[in-house]
Amino acid sequence: YMRWMGFDKTGRIAAVKPHLFSATGFLDDTWWHRTYWQYGTWMSGGFGGWPRAAQQAPSGRIMVIGDDAVLAFGRSKYDAGNGGNVSAGHIGLVKRDYQASGLIDHPSNPYRLFSARKDTATTGTGRRKRSIVKYNWQRPLPILVRAMVLADKTLFIAGPPAGKDNQGLKQLTAARKGLLQAVSVSDGGKLGEHQLPAAPVFDGMAAISERLFVSCVDGTVSCLAGD
């Protein structure tokens, strides 16, 4: 695949099935409110078009794909309106009623960790439809997830603390302490956590040979191993 386009082995355009992609690429860490990752087949643009795919397919800031589920950290609300109708645009964007600065207990805070069924991803064309995404579970978090790894039945997530301190993107990339959590894939319950010397770079975590490697914004790489 090249984003939402599919190709066969000869390079010819082929039918598209639900897959992981992002209209802006996987390296974009700006978290602009009209962009996201998604598990689906299409993406529409424009002021009124950008939220439609996210309303009809599992979407988030960062995602991993399991055998039966899509696990992600992202918004629970995608609207094309303004003011109180739109939540969680740019992290830290200071505008009345526009978003909640990452507050995890605020009633309008739309960021959460979730598991969604893969078979509910739509193959729509952008026409208005109600959401058909079926969630296995979802819960708020005390962190803004910037790195995510799926290892068998455990989901590892890491990021800087959520809250009012995040007044702009520079706070997300500054050398702040981070938090790593191990989460159960089945129900989203926390299995354990570990303090990191600094927050991870975006998508900067990998697992191999029973070890977890985390690349942090202070230039260090942490290697964590189980007992």
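Strands β15 and β16 run antiparallel and are joined by five bridges; strands count as paired if DSSP finds at least two bridges between them. The two form a hairpin with four residues between them, and Gly219 in the turn has a positive phi of about 90°. Arg211 has Ala225 in β16 as its bridge partner. Helices (H or I, at least four residues) and strands (E, at least two) are DSSP runs, numbered from the N terminus.

The model is predicted, with local features needing pLDDT of at least 70 and side-chain atom pairs counting only at pLDDT 80 or more, while totals for chains, interfaces and linings use all residues. Residues are numbered from 1 along each chain as its sequence is written, and side-chain values use heavy atoms, with hydrogens and water left out.

**Overall make-up**

- The protein has two helices and 16 strands.
- Of its 227 residues, 46% count as buried, where buried means under 20% relative accessible area, exposed over 50%, and partly exposed in between (1.4 Å probe, protein chains only).
- Among contacts with a separation of 6 or more, 49% are between residues 24 or more positions apart; a contact means heavy atoms within 4.5 Å.

**Cysteines**

- Searching the whole structure gives zero disulfides, a disulfide being a pair of cysteine sulfur atoms within 2.5 Å.
- Cys216 is buried, at a relative accessible area of 3%, whereas Cys223 is partly exposed at 44%.

**Largest pocket**

- Lining residues have an atom within 4 Å of a point.
- Grid points are joined across faces, edges and corners, and a volume is the space filled by probe spheres set on the points.
- The largest pocket holds about 330 Å³ of space.
- Its lining has 18 residues, with Phe156, Leu212, Leu224, Ala225 and Gly226 nearest the centre.
- Two or more lining residues come from each of β12 (178-184), β13 (190-196), β14 (200-208), β15 (211-216) and β16 (221-225).
- β13 provides the largest share of this lining, four residues.
- By class, the lining of the largest pocket has 10 nonpolar, five polar and three charged residues; Ala, Val, Leu, Ile, Met, Phe, Trp, Tyr, Cys and Pro count as nonpolar, Asp, Glu, Lys and Arg as charged, and the others, Gly among them, as polar.

**Second largest pocket**

- The second largest pocket has a volume of about 270 Å³.
- Of the 13 residues lining this second pocket, Asp67, Asp68, Ala69, Lys153 and Val185 are the closest to its centre.
- β7 (69-74) and β8 (112-117) are the elements that give two or more residues to this lining.
- The lining of the second largest pocket divides into four nonpolar, four polar and five charged residues.

**Cavities and Thr35**

- Two cavities of 30 Å³ or more are found, and the largest cavity has a volume of about 70 Å³.
- The residues lining the largest cavity include Thr24, Asp28, Thr35, Arg61 and Phe202.
- Four nonpolar, four polar and two charged residues make up the lining of the largest cavity.
- Thr35 sits in the loop between β3 (19-22) and β4 (37-40) and counts as buried at 11% relative accessibility.
- Leaving aside residues up to four places away in sequence, Thr35 touches Thr24, Asp28 and Arg61.

Notes:
1 Å grid on protein atoms, 1.4 Å probe; cavity = no way out; pocket = protein on both sides within 12 Å on 5 of 7 lines; lining within 4 Å.
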